[in-house]
Amino acid sequence: MLKAAGPDTVMVVPACCTSILQGIYPNTAFNVPVYNIAFGAAAACASGMSNAFRAAGKKTNVIVYAGDGGTLDIGIQAMSGAFERGTDFLYICYDNEAYGNTGMQRSGGTPMGAKTTTTPTGKTDAKKDIDRIIAAHDPPYLATACAAYPQDLFRKVQKALTFRGPTFIHILAPCPPGWRYPTEKSVEMGKLAVKTGMWVLYEREYGKVTIGPQSKVAMKKPLPLEEYLSPQGRFKGIDTRVVEILKQRIAKNFQRLAAEEEASA
Amino acid sequence: MFEIRIHSRGGQGGVTAARLLAMAALHDGKYATACPFYGAERRGAPIVSFVRIDDKPIKVYSQIRQPDMVVVLDESVMDVVDVLHGLKKGGRVFLNSANKKVFEGFECHNVDVTGIALRENLVVAGSPILNTPVLGALAKMGIITADSAKKAIREMFSDERNVKAAEAAYKEMNA
Amino acid sequence: MKKIATGNKAVAEAVKQAGPTVVAAYPITPQTEIVEQIAEFVTSGQMPAKYIAVESEHSAMAACIGASITGIRTFTATSSHGLLYMHEMTNWAAGARLPIVMANVNRSLGPGWNIWAEHTDALQERDTGGLQVYVSTVQEAYDATLMAFRIAEHNNVLLPVMINLDGFLLSHIMQPVDTVELGDFIPAIHLPHAIDPKHPAGYGTLTGPDQQFKFRWEIERSMRDSVKVIEETEKEFAKRFGRKYGFTEDYRCDDAEVIIIALGTLGKEAEVAVDLLRNEGIKAGSMRIRWLRPFPKLNLKGKEVVVIDRDYSFGFGGIVANEIKAKTGASLYSVIAGIGGQEVTYDDIAGFVRTRRMGEEFWFGVNAHV
């Protein structure tokens, strides 16, 4: 992500796993300035920072790098405001589908049926579709991505930064300890998410929807959802009725996106 | 007051080992506290847990600076951490190892706890369970009684292999 | 029943026994285990409560307010920034006269991100109209949580109560705890102003300058009345369950010439320092303040006082030291120690007493006058 952004970049990071990944004072693991901010305030902080830079004639990239909890839940108010005001910044949400930093509690991003420490028998509510919520703000560009497809992610970050205004990239970030699968299977998990349709790779540029090739394949012939669910401890013992609901949602989501792609062509 | 410092790596069950030890001491009629020291946690990073055992309530919360005993669940931690730091003169060291190591000035013991865990098939998600068998070794060293060790293990785990591993460690331990 | 538990788990166990109808929860280190344990109690059927996994701490308290005003028992827990984010609503809860019980695991404020023990978070709440107690052992965390519901819901109180426990030092330490058979120790809740469509009323409506001060006075009056309620509750607890508490926990204070005052675990470890000092011939004592609101009557006449503040009010001084000074006029040595989880041992505490300079302030680790 940073490779795509280049050195004239500032990251705004709310409380999330990345708060820890930076390392402990007096060291930092990042080669760009990282501004750490309170949990719900990232987009508002970025809004202020971006306005300040632009007022000073600076083109510095302002990139929020936040988890799903900090985006879909506590950060949604600030994010909506920043998008509604047309803030020139890139908001990246890396989604491991729970509050990872505090030990995997459920978030708005947790899929239905997933076990977390606050949903020990499986979450009963559906995953919040933040992409559609942000789309409703009519941003110039938004995209979904997946850590298992790094080149695709790289291209999307580069592209997002060419737009003036608010842009959004939503990355699926498989999490071995949180989803309970062996670390070496992370790339495989990410790919399975896409191949089963649980995660759809697409872009929305000025409202024009383009579904990515990997998801086009999945749309035609999705892998059985069970192949994605069964290797993950968080879905162990999931009710077959919930699996059905998830499959229906996948189908409906594909339908809707396909229709949007056609209509916006 | 008897103070024990337990060295391990994140994810190996060092914190649970401390808890089991405290539970067993409680069954022995003692007062015990167990506390992990929290730094920036991540899997595989060296961590420390503290256990204090006394006949009366313990009012100390600060870190153990001069332990009476050090338990090392993962030898590799010794490459990055000075596990003997502050250990009282003549203090005891327990090492999870198949090889006997000598530390000048301290009483050293070792049992291949990992080996025992593997033999008893006490493995979860690919990792051997170290905290229950090590309790057996500590019982042989007289820190807690064998009965209380078994009681504590059974309170926490339903799988009887944990007790078997603890008993094996107890036997293999030559105190 | 005697078992071993962490401070967090002990609080959760007490909450289970108190039986709230609604629990609103949001994770934050080092409190998260409380809400996780409660989630487990609820999903396993041990606790018949509605568990709302809210999207922020502000919403957690707002949800508790909404639930509480229907006349039922409710609970939430937080820490540090979560408490700060909740602050508008903790004020609201007190003003709305709601007996909401919450646990706060004391943690430092950022930036930088620091997850370790510090009291500034809770102390910034001291003006809200809520009661606050600071505990020092797992047993006390359990006991205080049980008592908090009874105190909060008493007709002469009807104010929120916050139980404070030190982050990691108490929240994560395992100590023995004896759980009790509650019986009817916590009476059924009866909220006189609960919402009732049969008796419609406007709640918290526009109130003019000629009326508002009367409501604020009512809060203060209940705060003053709560002193008796606390005394009576703790007395009843001691009678039924055998453990005595009090506004302060005094250790060897009677003939002491110098008294150490601290909140939380420091106040407990101070007792070890007292024994050390006594062996040296210094007549020391420890007075651990438990209830900070309502502020207790302190008997410090003729004593020198060493106050250890695990907090600070910038541009003014240690918060606890200044409250004590304001209320008692005692001769004080104000020590600032333990900020951000800074390690403070009984040796350090004894050192503060030995090198005390009355009337001065000492920042442990910064000032050099040892």
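## A residue pair in the chain A sheet

Let's start with one pair of residues: Met11(A) sits opposite Ile63(A), which belongs to strand 3 of chain A. Keep in mind that this is a predicted model. The strands in question are strand 1 (residues 9-13) and strand 3 (residues 61-67) of chain A, joined by four bridges and running parallel.

Zooming out, the order across this open sheet of chain A is 2-1-3-4-6-5-7-8, eight strands with mixed pairing. At the edges you'll find strand 2 (34-36) and strand 8 (208-211) of chain A, each with pairing on one side only. On average, neighbouring strands of this sheet are turned by 20° against each other, if you ignore direction. As background, strands of a sheet pair through backbone hydrogen bonds, and they do this either parallel or antiparallel.

## What lies across the sheet, and the chain A dimensions

Helix 3 (residues 42-55) of chain A lies across strand 1, strand 2, strand 3 and strand 4 (89-95) of chain A. Its angle to strand 3 of chain A is about 175°.

As for the chain as a whole, chain A has 12 helices and eight strands. The C-alpha trace of chain A spans about 55 × 45 × 30 Å along its principal axes. For 265 residues, a compact globule would have a radius of gyration near 18 Å, and the 18 Å of chain A agrees with that.

## A helix pair in chain B

Over in chain B, look at helix 3 (residues 131-140) and helix 4 (residues 146-156): their axes come within 9 Å and cross at roughly 165°. Angles over 145 degrees count as roughly antiparallel, so helix 3 of chain B is roughly antiparallel to helix 4 of chain B. The crossing of these two chain B helices is right-handed.

Which residues make the contact? Helix 3 of chain B brings Thr132(B), Leu135(B), Gly136(B) and Ala139(B), while helix 4 of chain B brings Ala146(B), Ala149(B), Ala152(B) and Ile153(B). By class, the contact of helix 3 with helix 4 of chain B has six nonpolar residues, two polar and no charged.

## Where chain B meets chain C

Here 15 residues of chain B are in contact with 17 residues of chain C. On the chain B side, helix 1 (14-27) and strand 2 (31-37) each supply at least two residues. Strand 2 of chain B gives the largest share of that side, with five residues.

How does the side of chain B that touches chain C divide by class? There are 10 nonpolar, three polar and two charged residues.

Notes
Residues are numbered from 1 along each chain as its sequence is written. Chains are lettered from A and ligands numbered from 1 in the order in which they are written. This is a predicted model: local features need pLDDT of at least 70, side-chain atom pairs count only at pLDDT 80 or more; totals for chains, interfaces and linings use all residues. Two strands pair if DSSP finds at least two bridges between them. Axes are lines fitted to C-alpha atoms, for helices over the stretch in contact, and angles run from 0 to 180 degrees between N-to-C directions. Two residues are in contact if their C-beta atoms, placed from the backbone, lie within 7 Å. Angles under 35 degrees count as roughly parallel, over 145 as roughly antiparallel, 65 to 115 as roughly perpendicular and the rest as oblique. A crossing is left-handed if the near helix is turned anticlockwise from the far one by less than a right angle, and right-handed if clockwise. Ala, Val, Leu, Ile, Met, Phe, Trp, Tyr, Cys and Pro count as nonpolar, Asp, Glu, Lys and Arg as charged, and the others, Gly among them, as polar. The radius of gyration is taken over C-alpha atoms; the globule rule is 2.2 Å times the number of residues to the power 0.38.
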